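Here is a short note to read beside the model. Please go through the points in order.

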Amino acid sequence: MSESSVRPRSLLACGLPLPPPPLPAPGALEQARLLVAPSLDAGLVRELERITGRRAEPLTDVPPPSDAPLFCVGDALPDALRTDRLLWFHSVNAGTDPLLAAGPWPASALLTRTVGRMGERIAQYVLGWMLAEAQSVPEFAEQHARAHWERLPSELVAGQTALIYGTGRIGAAVGRLLAACGVRTVGVARTTRYGPEPGTDRTVPPGFDRVIGASEDTEALGEARWVISTLPLTAATEGFFGAARLAAVRGSTFVNVGRGATVDLGALETALREGRVRRAVLDVLPVEPAAPEDPVWRLPRTVITSHSSGITTDEDVLGDFTAAWESVAAGRRPELTVDVVRGY
Ligand SMILES: NC(=O)c1ccc[n+]([C@@H]2O[C@H](COP(=O)([O-])OP(=O)(O)OC[C@H]3O[C@@H](n4cnc5c(N)ncnc54)[C@H](OP(=O)(O)O)[C@@H]3O)[C@@H](O)[C@H]2O)c1
């Protein structure tokens, strides 16, 4: 499915908050059958079997016979399993928008996700592209191809400002790495958090010099040398980087490692052609993979990478599943629980 068409169907049309799904009861989890995506590595499946103490069965379009409750580890949930038999789905991916968009989420099912070391990988990807630009790597490679010797300027990223959309697991890892290089980091989040005492200032998570809300980013967009998005795709973030927001940019390089459909590519093209966006690095696109004839390949001063900045490893899945399993067993909500109403 193309990401441009995804929209979490679980958002209530009337906007009323839903209570979070209850944790799977220990008794029910005890009896539940474990279904795993056929794409999972055999070694990972053996570890999941060891941790959960049961045999794994393939996660397919056909639910296993019997009324036994189910819990799954995978990347997609067939319609036939979107029933109240489902206790828990652990996503092998960090972004759960395709799971939520593919059908109604069963009200009683817990959804958890894998992040693992993706934040570190993505942070290094972002820093790598920033330094490549600051050190004129593409220009030197091009000069080398022509056996041409010429000094080129370089920029120090220390002291420059990066505006980082999303201050969650990925955004915070990006913020911490950039801050360690002396970059000034301004985070953009959905929720404004204040200290515990009444009247206290906004809470600023590690890795950020300050955090602002999405509705107060115009000035920051005009000041940032780097605009980096780690936003999830939700009903609120689809087309988030549109004409109005990009009109405020004054020479930033735009790096998107969140989700492709958060960007209006037509508006980005205009901003690139008008020079307001200096360059773009897009790891994620509204439609992946982009076909050779897709006009996205012809965006000026843009590099597209293949949704590979934050690959998931088996260790990531195992580590986050195990932590979630232990939390559920202890009656605690796992840290990587997805709020299916909010959409991330
Ligand atoms: N390129 C890749 O290979 C790759 C790999 C992994 C993940 N990803 C993408 O990265 C996304 C983020 O992952 P994560 O683990 O960092 O998620 P997360 O921990 O849930 O953090 C999401 C952040 O986005 C903010 N946000 C959500 N909606 C917003 C809005 N409307 N306006 C402003 N801020 C908003 C949240 O604000 P609050 O703090 O206020 O809630 C939060 O800070 C994933 O959903 C996935 O799409 C990409």
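1. First, a term. Helices (H or I, at least four residues) and strands (E, at least two) are DSSP runs, numbered from the N terminus. On that basis, the protein has 10 helices and 12 strands.

2. Know the source. This is a predicted model: local features need pLDDT of at least 70, side-chain atom pairs count only at pLDDT 80 or more, and totals for chains, interfaces and linings use all residues. Residues are numbered from 1 along each chain as its sequence is written.

3. A residue is near it if its C-beta atom, placed from the backbone, lies within 6 Å. The shell holds 31 residues, and Gly95, Gly168, Thr191, Pro232 and Gly310 come nearest. The largest share, 3 residues, is from α6.

4. Which domains supply the shell around the ligand? Domain 1 (12–116 + 312–329) and domain 2 (118–304) each give at least three residues. These bounds come from an automatic or database domain assignment.

5. Look at the overall fold. The C-alpha atoms fill a box of roughly 70 × 55 × 35 Å along the principal axes. Of the 344 residues, 40% count as buried (20 or more other C-beta atoms within 10 Å of a residue's own, with C-beta atoms placed from the backbone).

6. Finally, contacts. Two residues are in contact if their C-beta atoms, placed from the backbone, lie within 7 Å. Among contacts with a separation of 6 or more, 64% join residues 24 or more positions apart.

Conventions. A residue is buried if 20 or more other C-beta atoms lie within 10 Å of its own, exposed if 12 or fewer, and partly exposed in between; C-beta atoms are placed from the backbone.
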